[in-house]
Structure formats: structure tokens, C-alpha cells
Amino acid sequence: MTDHYETLGVARDAGQDEIKKAYRRLARQLHPDVNPSADAAEKFKDVTHAYDVLGDAQSRAEYDRGPMPGMGGAGGFGFGDIFEQFFGGGRSSGPRSRRQQGQDSLLRVDLDLADVVFGVHRELRVQTAVLCETCDGAATAPGTSPERCTQCGGSGHVQRQVRSLLGNVVTNQPCTICQGFGTVIPQPCHTCAGHGRVRAERTIPIDIPAGVDTGLRIQLPGQGEVGEGGGPAGTLYLEINVRHHDVFSRDGDDLLGTLEVSMPDAALGTRARFEGIDGPVDVEVRQGIQSGDVITVGDRGVTRLRGAGRGDLKLGVQVVTPTKTDRRTEELLRELKERTRAPEPQLAQFKQGLFAKMRDRFHL
């Protein structure tokens with residue numbers, strides 16, 4: 001059985017003020033908002049339970065008296081002790097705490113592609129369980145406090161001794177009056193109805209880092225639901241969803257796009273200027289560029305989530321052939337064909353399609 005005095009690090013003759021100071025010191029070290037580790041969360045529960053027992057004079061006195069004589073004490077080892085080991089009767093770990101760990105929550109956050117390039121600040125509004133401001137989580141009406149259960153004497157359990165052919169069997173069951181808490185609340189808080197928490201809308205400021213992607217979850221310890229009895233809040237998980245962009249797509253830390261180039265510009269070469277995710281982009285289109293070629297603009301992609309720098313902007317070139325021409329344009333195109341000695345259309349070795357070629361080149 002756990003020694004509550006040892007848990008709080010105080011002597012058995014410590015005063016109530018000393019016990020309170022020890023609890024506050026440990027709570028500041030182990031609270032999930034300060035220390036998110038699983039080990040700290042478990043220790044925080046033990047410390048809180050120890051204080052619930054020792055912080056109240058009546059429950060502390062009951063704890064100091066120990067088990068009732070003849071009810072599974074330190075006497076000889078007999079059939080009653082054997083049944084006690086198998087059926088959980090006899091010794092009790094004391095009343096359970098009203099302060100329970102709050103549940104975790106999951107919230108979906110929709111972002112634009114531009115938001116993930118450099119990160120974004122958001123004010124998230126969530127409906128969740130928060131600490132009752134009227135009773136500050138105590139679950140009792142202002143000016144009142146829980147009272148010791150007269151059924152179980154504050155132990156939270158009721159012991160019964162049953163005589164059988166194999167000896168005395170001791171059963172230990174949660175008290176049906178106080179539900180195992182050891183205390184009852186005669187005057188519950190009118191705001192939270194004795195739960196120590198209420199449903200309300202909260203605003204949570206969050207800086208979402210650059211480089212996040214769809215499916216990534218951001219963990220916010222202590223931002224989930226407050227537990228019953230004003231217990232510590234759970235963890236809030238933010239699941240990221242990046243909306244579709246009409247111009248650019250994402251491949252890891254790179255941004256992909258398609259640059260349409262007219263046939264004359266493809267043949268002669270030119271410079272192109274267009275608006276990127278984060279401002280104007282200037283690129284040089286080399287002379288004789290072909291459909292499927294890729295122009296890479298360094299450091300204009302997404303900021304890396306882990307590490308320094310940014311990815312690249314990769315533009316797949318698509319040469320656009322005019323669909324309508326006048327007589328003079330046709331004459332110039334025929335002259336171009338003759339001067340360049342362009343070959344007649346003919347079958348060639350099979351090659352992958354244009355879009356497959358562009359896709360593969362993007363991944364080089």
C-alpha cells in the first residue's frame with residue numbers, strides 16, 4: 001500500500017500547513033502544463049490523491065488509524081488472507097480522488113498552401129470542458145465543503161466479513177453512498193452541478209510552424225478537456241489539413257507548377273515573370289526549350305519543418321502551339337519549316353507520355 005506521507009515527502013507528524021506547502025511544491029513540478037512526460041502525469045495523480053487524503057483532517061485521521069481490527073490486519077495468514085488476495089478484499093488504498101484526468105481532444109485545422117511556407121499564427125476557438133469559475137473545481141457551493149461519508153467513515157470502501165467452510169472471507173467494495181470518494185457533497189455548485197467543470201468556448205492562440213503537411217498532428221499538453229472535480233486537463237491534438245491550391249502543388253519541401261511558353265518564346269528563349277506563393281518570381285527560359293523540361297528556382301519552396309532553409313520551386317514547361325493563324329502567320333511558319341529543314345512527321349521509338357515525363361523529371 002502506498003504511503004501518502006512518503007509520496008508528499010513529509011513526516012507523519014507534519015502539520016496541515018506543511019502538507020499543503022509540500023503538495024503545492026510538487027504540483028508545480030509535476031503538473032502536465034509544466035511537465036508533459038507520462039511519468040510526471042502518473043506522479044501528479046499520486047501526489048494529488050495523497051493530498052486529498054492527508055489534506056483533510058478527518059480523512060487523515062482515518063488513514064492514520066489504518067484497517068479495522070479483525071478485518072484483514074497483520075494477524076496470521078489463513079484462508080481469509082488467501083481469499084483477500086484473490087478477491088481484492090480487506091485492505092483498502094483509501095478513498096479515490098474526485099479530481100480525474102481530463103480527456104484528450106482532437107481538432108482539425110485547415111490551412112492554405114501559403115500558410116505552410118513560413119508558418120502562421122491562429123486563434124483557435126474550441127468548445128470544451130473548462131474549470132468552473134464559481135467553485136474553482138471544488139464542485140461545492142461557495143462557502144461549503146464536502147462532508148465525510150457516514151456509511152464508510154471516509155474510507156471510500158465498505159468491508160464485509162462472510163463466514164464460509166474455508167474460513168472468513170473479507171470483501172471490500174466501493175461505498176454506494178459516496179461512490180468511493182469517502183466524502184459526499186450536500187450542496188453541489190449550482191453552476192457545474194457538482195462536476196467542477198463546465199462546457200464553454202475557449203480561444204487558444206497557437207503558432208503553427210512552417211513545413212507542416214496534411215495528416216500531421218501537433219500536440220498541445222494541458223489544452224484538452226479539464227477533468228472531473230477540476231482535474232488536470234488532457235492533451236489537445238491539432239490535425240493539419242492543407243487545402244488544394246489552383247496553381248501550385250507540393251512534393252515534400254518542393255513546390256510544383258506548370259509554365260506555359262509560346263512556341264516562338266520556346267524557340268528563341270525569353271524571360272518570364274509571374275506571381276509565386278510569396279512574391280514575384282523571375283525565370284529565364286532558355287532557347288530551344290522543350291515541353292517536359294523542368295526549370296528549377298532554388299529556395300522558393302516550403303520552409304523545412306525540421307532543419308534549415310527551404311525547398312525549390314520546380315516548373316514543368318509546356319510549349320503552347322497556336323490553334324488559330326492568319327495568312328501572314330502561316331507564310332512565316334512555312335518559311336520557318338523550310339529554313340530549319342523540319343522533318344516530316346514519322347513514327348519514332350515509343351516514349352513515356354508528356355505528363356509522366358514531367359512527373360519523373362520533377363523527382364530528379
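A disulfide is a pair of cysteine sulfur atoms within 2.5 Å. By this rule the structure has zero disulfides. The model is predicted: local features need pLDDT of at least 70, side-chain atom pairs count only at pLDDT 80 or more, and totals for chains, interfaces and linings use all residues. Residues are numbered from 1 along each chain as its sequence is written, and side-chain values use heavy atoms, with hydrogens and water left out.

**Cysteines**

Take C149. Its closest cysteine sulfur is in C152, 3.7 Å away, and that is too far for a bond. C192 is in no disulfide either; the nearest cysteine sulfur there belongs to C135, at 3.7 Å.

Burial needs a rule. Buried means under 20% relative accessible area, exposed means over 50%, and partly exposed lies in between (1.4 Å probe, protein chains only). The table lists some buried residues.

| Residue | Relative accessible area |
|---|---|
| C149 | 2% |
| C192 | 4% |
| S59 | 13% |
| D115 | 16% |

**Helix 2**

Helices (H or I, at least four residues) and strands (E, at least two) are DSSP runs, numbered from the N terminus. Helix 2 has 15 residues. From first C-alpha to last, helix 2 reaches 21 Å, close to the 21 Å expected at 1.5 Å a residue. The expected span is 1.5 Å times one less than the number of residues.

Which residues of helix 2 are buried? They are I19, A22, Y23, L26, A27 and L30. Seen down the axis of helix 2, these buried residues fall within an arc of 130 degrees, so they line one face. The arc is that of the directions from the helix axis to the C-beta atoms. An α-helix has 3.6 residues a turn, so residues three or four places apart point the same way. On the other side of helix 2, D17, K21 and R28 are exposed. The cover over its buried residues includes helix 1, helix 3 and helix 4.

**Helix 4**

Helix 4 spans residues 57–65, and its buried residues are S59, R60 and Y63. Down the axis of helix 4, they fall within an arc of 100 degrees, so they line one face of the helix. A57 and R65 are exposed on the other side. Helix 1 (4–8), helix 2 (16–30) and helix 3 (38–54) are among the elements that cover the buried residues of helix 4.

D56 caps the N-terminal end of helix 4. A side-chain oxygen of D56 lies 3.0 Å from the backbone nitrogen of S59. Contact means heavy atoms within 4.5 Å. Leaving aside neighbours within four places in sequence, S59 is in contact with D52 and V53.

**Helix 6**

D115 sits in helix 6 (residues 113–118). Beyond neighbours within four places in sequence, D115 is in contact with V120 and R122.

**Nonpolar cores**

A nonpolar core is a set of buried Ala, Val, Leu, Ile, Met, Phe, Trp, Tyr and Cys residues joined through side-chain atoms within 4.5 Å. The largest one has 35 residues. Those with the most contacts inside this core are L111, I208, L238, I240, V283 and I295. Strand 9 (residues 235–242) gives the largest share of this core, four residues. Apart from this core lies another, of 17 residues, including Y5, L8, A22 and L30.

What does V283 touch, not counting residues up to four places away in sequence? V283 touches L259, T270, R271, A272, F274, I295, V297 and L315.

Note on methods:
A polar contact is a pair of N or O atoms within 3.5 Å; within protein, one must be able to donate a hydrogen and the other to accept it, and residues adjacent in sequence count only if both atoms are side-chain atoms.
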